[in-house]
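Please examine the structure shown below. The paragraphs that follow lead through its domain interface and then through selected details of its backbone.

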Amino acid sequence: MRKTINRIGMCMVVILALSACKSKKEPSPAVQDFLKQLDGKTLDEARDILKEEDEKVGSFLKFMSNFKDEKPQHIKPEDEEEGTPFTPPDPTHLEDAYRLALSDVGFNQTYSLKFSVLEPDGPSLRSASVEDPEFIARELYFHDGSKKNEKLDLGESQHLASLQTVDSAVVDVTYRYPTKVTAVDLDNKHEKAGFKGAAIKLVKIKDNCVRVALEKEAIKGYLEMEAFNKDGKLLSRSSYQQGPDGDENLDDLLKSYQKAVQKLLRNLEKGSYKDVAALQKDVGDEMPDLTPFDNPKKGYVEAFFKGNVARVKMYFKDDTKSVTKTMVLHNNAPNYSGLARVQDPASGKFGFVSTATGQLVIPYSYEKLQTVTPWFFVTSDSKAVRNYRLDTASKKLVPVKGYVYDLTPELVKVAEGLESKYAVMKSSGELLLQPEWDNVSIDPATKLLFANKITEDGPLAGLTTIYDTNGKVITGPLRTLDNFSDGLLLVWDKAGKASFIDPQGKKAIDVSGYADIDPFSEGLAFVENQEGKYGFIDTKGRVAIPFEYASVTGFNLGLSLVTRKNGEVTEAALINSKGEQVVPFKESERVDTDDKGTARVYTLQNKKFDAWGKEKR
């Protein structure tokens, strides 16, 4: 989904006029790339590719339908709303943001009748506030031990002509960010400017509406627009749009592109092409000379603000740094069942093919079948939710009573009803854990199972037992509130004594002498001594930052918000992992933290600071 949204963004940013030309020119770069996707394919495979393209454009159109047309209007001065200043991104901050985004990235493998697709995915990547990097695979390692050298753009969902399970891939990951930003001011007296030889022109500034025309380098480097009223007040923005130069409606342009794709599909269904070469020729003829996915030479930015605009400031990327890292990505949920769920393009129903032969093994007979894991599936309608297990011996979907939820690719937790106890079921249908648990979760770092009882149920009430994925007890019952971090888990035994344990269940650090303990974060955990002072210990249990604070927070990107008492006055500061003050102590009536990672915001000293300790203005 994230890639779809990014491509929608690209579509809105770089979409070009799809004007008809009387003389046909060489296909545009985007059409040429599309033609390459058809090289060596059968007509059935080409049909799947065209259907996928049709669905993508349809999703763009659906996304754009959420935006309503806005007309210029005069805003009363008392109704004007002040905006938030644009802060040019700090290169160091962007490096941190990309490092976090890629920290747990893997890929998902999805299947069609003749090919599979590898798509980058990970919790941090999905939540990252940066543009998606490029993911170019060059080496693929399959579960059967074979290796294939093939260049695949994973971010663009290029097809892999194989249904075999890919365990891992060597991928070149490239991301780019600005290292220098240039600002350009425009108003009615200064309507024109330039950026790297490209023209910038203020086309319209009327009431709350602004439209600026941009040429190629300015389009490529555009970052943001700010607007100000006649008194210099920064105005809040209500809506925003980018597109090609001219008055074409973006919705109509996308429809024109989709129309060409759908015509090619109809011709395929009629049997109009004897081979893929004939189809490729028609693609070159039918596709617009310039598509929504080509880079524009001219374009515009149009925005509406909550106030009457007198002046605008445009920001452009003057210099950009490109970083390429070679990474090994692993399959997030490898399919070792030998069968893969596929959808019939004609009926929309689902069946299963053999990943070894590509032959249909379970007929297309299931509607709205969703994957829970490679072995478990769910479908629902207005009457019921139905869960199934894939039985590879009988090559059938076997009903599972109750509800199933994923834990690992081969394990699910199962409950007969919404109020029932959970069991853990294996891909074979056998129960690994009996239905006696109020919840079962998987630890992301160690892949251990946390089975807990959170309701009153005898001596084990509120306690957790930790198992491996073979059902062996690692430790417990004990109390824990978190997952492993920095290789350690904070637990309390039934007597209430606290310690950190390792993934083998052995005690690593005895912290029973502390009054308050927090899990590890970035190699440090805060603890409170018996005098009510807070400090930090390292993963060996040694004091790393002395006990001298009234309160602290766990470290986030190397910073912690700490307070101390100076008489009756509370003072707050931001410190680094060495205990050094990044934002020095000062009186603070209120302290708070919001969000985490690069989105963290600190409130102290009547100010707000970003995740790196820089004041937000």
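Between domain 1 and domain 2 the number of salt bridges is zero, a salt bridge being a side-chain nitrogen of Lys or Arg within 4 Å of a carboxyl oxygen of Asp or Glu. The model is predicted, so that local features need pLDDT of at least 70 and side-chain atom pairs count only at pLDDT 80 or more, whereas totals for chains, interfaces and linings use all residues. Residues are numbered from 1 along each chain as its sequence is written, and side-chain values use heavy atoms, with hydrogens and water left out.

One residue pair, both at pLDDT 80 or more, is in polar contact across this interface. A polar contact is a pair of N or O atoms within 3.5 Å; within protein, one must be able to donate a hydrogen and the other to accept it, and residues adjacent in sequence count only if both atoms are side-chain atoms. On the side of domain 1 that touches domain 2, one residue is nonpolar, none is polar and four are charged, where Asp, Glu, Lys and Arg count as charged, Ala, Val, Leu, Ile, Met, Phe, Trp, Tyr, Cys and Pro as nonpolar, and the others, Gly among them, as polar.

Domain 1 comprises 28-68 + 261-292, and domain 2 comprises 77-246 + 298-328, with bounds from an automatic or database domain assignment. Five residues of domain 1 and six residues of domain 2 form the contact (heavy atoms within 4.5 Å). The two domains bury about 570 Å² between them, 54% of it on carbon and sulfur atoms; this is the accessible area (1.4 Å probe) lost on putting the two parts together, summed over both. Glu-45, Asp-48 and Glu-52 supply 55% of the area that domain 1 buries against domain 2.

Ser-157 has a positive phi near 55° and sits in the loop between strand E4 (147-153) and strand E5 (159-160), strands being DSSP runs (E, at least two residues) numbered from the N terminus. A cis peptide bond, with omega about 5°, links Gly-476 and Pro-477.

Methods: Helix = DSSP H or I, 4+ residues; strand = E, 2+ residues; numbered from the N terminus.
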